Amino acid sequence: MTTDASARAIKPELLRTYTEDFNKDRANLIAADAAVSAGVLKAATDYRGVRALPRDFSIELKQGSITNQERSGRCWMFASLNTLRYELMHRWNLEDFEFSETYLFFWDAMEKSNTYLENVLRTLDEPTDSRLFEAINWGPSDDGGWWQMFAALVNKYGLVPKSAYPESENSRNSDDFKQYLNSKLREFAAELRRRSAAGAGEDELRTLKDEYMGTVYRICAVSLGEPPEKFDFFARTKDDAEADADGKAESCKCGDSCKCEGKSDAKACKCDKDKSDKPKTGKDERPQIREIGITPLEFYKKYVPVDVNDFATLANAPLKNRPFNRRYRIRFSANVVEAGDMEFVNVPLDVFKKAALDQLTAGHPIWFACDCTQFALRKDGFFDQSVVRVDQLFGTEFTGDKAHGLEYGDSPSNHAMTFTGVNLGEDGKPNRWKVENSWGKDAGKDGYYVMSDAWFDRYVTELIIRKEYLDDATRALLTTEPVELDPWQPLTRRCR
């Protein structure tokens, strides 16, 4: 290529041509009026696309109240907890429930800090401007993450309800907390490298690291408060044994001795406590769940009816250098150092989508990751290229496919949410998906979004699937030798 500066510059005569072409097309002037006044997304919104995506679904899961990560990068954690709370609520017949996101946020900050310092010790011979060290040093304890990070935290620390460790100002808005934690961690890294260069051995450096972690704990505890070692838990279950028109229970377990009509074995009997014979009061007599002094691990094992290790990460990344039907591992991607690095199985789109449909059809929500910024209306709650017609607004087609978006870094995964429904057409194929987000009830419609199936194909890159819903061939891939990837390669951006 030429090095002549004039050949590389924007030429004045070209600028004159550009403005003449722009102004002689009336569509450009109308588009500019709309975009300048209302913004690009509002000006590009197509009402026909909106009307083509109604918010009703043939398969829909009943979830709890919408959650809100606020000004933090904890989407992956919220989406993970939202999948588990659904299972807990329906196992224990609760009207609503929310886990403490702050509890895992505390331990994630601790574990990422420890792993960062361990990675510094692993790379003492790397120059600070090497690509590897820059990747490690980019966000020592940033907010983002994946499902497998969540699973590692739950396996080690358990879970607690939100009442036991509520949100704080620094969990809702994490920037200041993480800014100074990361600054301190980089100071520690520099000192470890300086000591190593001066001849310090591994034992001395690791002793120093353990001292540093005491400072990390202090920063986390000051910012978030200390997490509970034990807590009390109280909840009331729903009373699902609804009475019929005669005031008798719909169903019971008494067998032939029962005096109720329409009996079955589905629910508890009410023969011995017919409410029609008792005076009505304002007292809440629903059954109670009560725990005194339970630990987070005990709570997880007793009340969460799924094992976080019974899930697999599926990716759909149609890249030449990521062949399908392989297992991959991303180096230096762990948050809990002893849990190991992140892994995924890359599968074709038909396998990817079938797993999602099978899991939703069976009545279980799905954690997924995508690029939430592409062709999306955050306030109105749409993910669809037929809704956000920037092609019409700008007068140019956007032709990049999924492979292009991943290879050129245009649409890597950057946000995690939860599928809680899907609509199947007459042909039995999906045409739209219901999405539970964690941006509060004022984003989307009461916190929910609708996604077209075409958008799913183009921008959804990761699913967390229960292993029981994998086909035999995909399940077999989970035990194959993984191909190792570097931390800067596609699909490795932490969801925030």
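This is a predicted model: local features need pLDDT of at least 70, side-chain atom pairs count only at pLDDT 80 or more; totals for chains, interfaces and linings use all residues.
Me: How many cavities of 30 Å³ or more does a search of the whole structure find?
Reply: The search covers the whole structure and applies a threshold of 30 Å³. The number of cavities found in this way is 3.

Me: Which element supplies the largest share of the lining of the largest cavity?
Reply: The largest cavity holds about 90 Å³ of space. Of its 12 lining residues, Trp146, Gln148, Thr313, Glu343 and Glu462 are the closest to the centre. Helix 9 (147–157), strand 6 (342–346) and strand 13 (460–466) each supply at least two residues of this lining. The largest share, 3 residues, comes from strand 6.

Me: How many residues in the lining of the largest cavity are nonpolar?
Reply: By class, this lining includes 2 polar and 2 charged residues. The number of nonpolar residues is 8.

Me: How many charged residues line the second largest cavity?
Reply: The second largest cavity contains about 50 Å³ of space. Its lining consists of Lys62, Gln63, Met89, His90, Leu94, Glu95 and Lys238. By class, 2 of these residues are nonpolar and 2 are polar, and the number of charged residues is 3.

Me: At which residues does UniProt place the feature "active site"?
Reply: The annotation comes from an unreviewed UniProt entry, and the positions it gives are Cys75, His415 and Asn437. They span 363 residues in sequence, yet no two of their C-alpha atoms are more than 9.6 Å apart, so they gather at one spot.

Me: Is Cys75 buried or exposed?
Reply: Cys75 is located in helix 6 (residues 75–92). Beyond its neighbours within four places in sequence, Cys75 is in contact with Gln69, His415, Ala416, Ser438, Cys495 and Arg496. The cut-off for burial is a relative accessible area under 20%. Because its relative accessible area is 0%, Cys75 is buried.

Me: With which side chain does the side chain of Asn437 make a polar contact of 2.9 Å?
Reply: Asn437 occupies the loop between strand 11 (430–436) and strand 12 (448–452). With 2% relative accessibility, Asn437 counts as buried. Leaving aside neighbours within four places in sequence, its contacts are Ile66, Thr67, His415, Met417, Gly447 and Tyr449. The polar contact of 2.9 Å is made with the side chain of His415.

Me: What distance separates the polar atom of the Ser113 side chain from the backbone oxygen of Ala109?
Reply: Ser113 is part of helix 7 (residues 101–122), and at 0% relative accessibility it counts as buried. Not counting residues up to four places away in sequence, Ser113 touches Ser141, Leu181, Leu185, Met213 and Val216. From a polar atom of the Ser113 side chain to the backbone oxygen of Ala109, the distance is 2.7 Å.

Me: Which side chain is joined to that of Arg74 by a polar contact of 2.7 Å?
Reply: Arg74 sits in the loop between strand 1 (59–60) and helix 6, and its relative accessibility of 0% makes it count as buried. A polar atom of the Arg74 side chain also lies 3.4 Å from the backbone oxygen of Gln69. The contact of 2.7 Å is with the side chain of Ser72.

Me: How far apart are the C-alpha atoms of Arg74 and Ser174?
Reply: Not counting residues up to four places away in sequence, Arg74 touches Gln69, Glu101, Thr102, Phe105, Glu167, Ser171, Arg172 and Arg496. Arg74 and Ser174 are 100 residues apart along the chain, and the separation of their C-alpha atoms is 9.5 Å.

Me: Which residue has its side chain joined to that of Lys156 by a polar contact of 2.8 Å?
Reply: Lys156 is placed in helix 9, and at 35% relative accessibility it counts as partly exposed. Beyond its neighbours within four places in sequence, Lys156 is in contact with Glu111, Leu297, Val336 and Glu338. The residue joined to Lys156 by the 2.8 Å polar contact is Glu111.

Me: What is the C-alpha to C-alpha distance between Lys156 and Pro296?
Reply: In sequence, Lys156 and Pro296 are 140 residues apart. In space, their C-alpha to C-alpha distance is 9.7 Å.

Conventions
Residues are numbered from 1 along each chain as its sequence is written. Side-chain values use heavy atoms; hydrogens and water are left out. On a 1 Å grid over the protein atoms alone, a cavity is a set of points where a 1.4 Å probe fits but cannot get out, and a pocket is an open set with protein on both sides within 12 Å along at least five of seven lines; lining residues have an atom within 4 Å of a point. Grid points are joined across faces, edges and corners, and a volume is the space filled by probe spheres set on the points. Helices (H or I, at least four residues) and strands (E, at least two) are DSSP runs, numbered from the N terminus. Ala, Val, Leu, Ile, Met, Phe, Trp, Tyr, Cys and Pro count as nonpolar, Asp, Glu, Lys and Arg as charged, and the others, Gly among them, as polar. Buried means under 20% relative accessible area, exposed over 50%, partly exposed in between (1.4 Å probe, protein chains only). A polar contact is a pair of N or O atoms within 3.5 Å; within protein, one must be able to donate a hydrogen and the other to accept it, and residues adjacent in sequence count only if both atoms are side-chain atoms. Contact means heavy atoms within 4.5 Å. UniProt positions are given in the numbering used here, feature names are shortened, and annotations may be inferred rather than shown by experiment.
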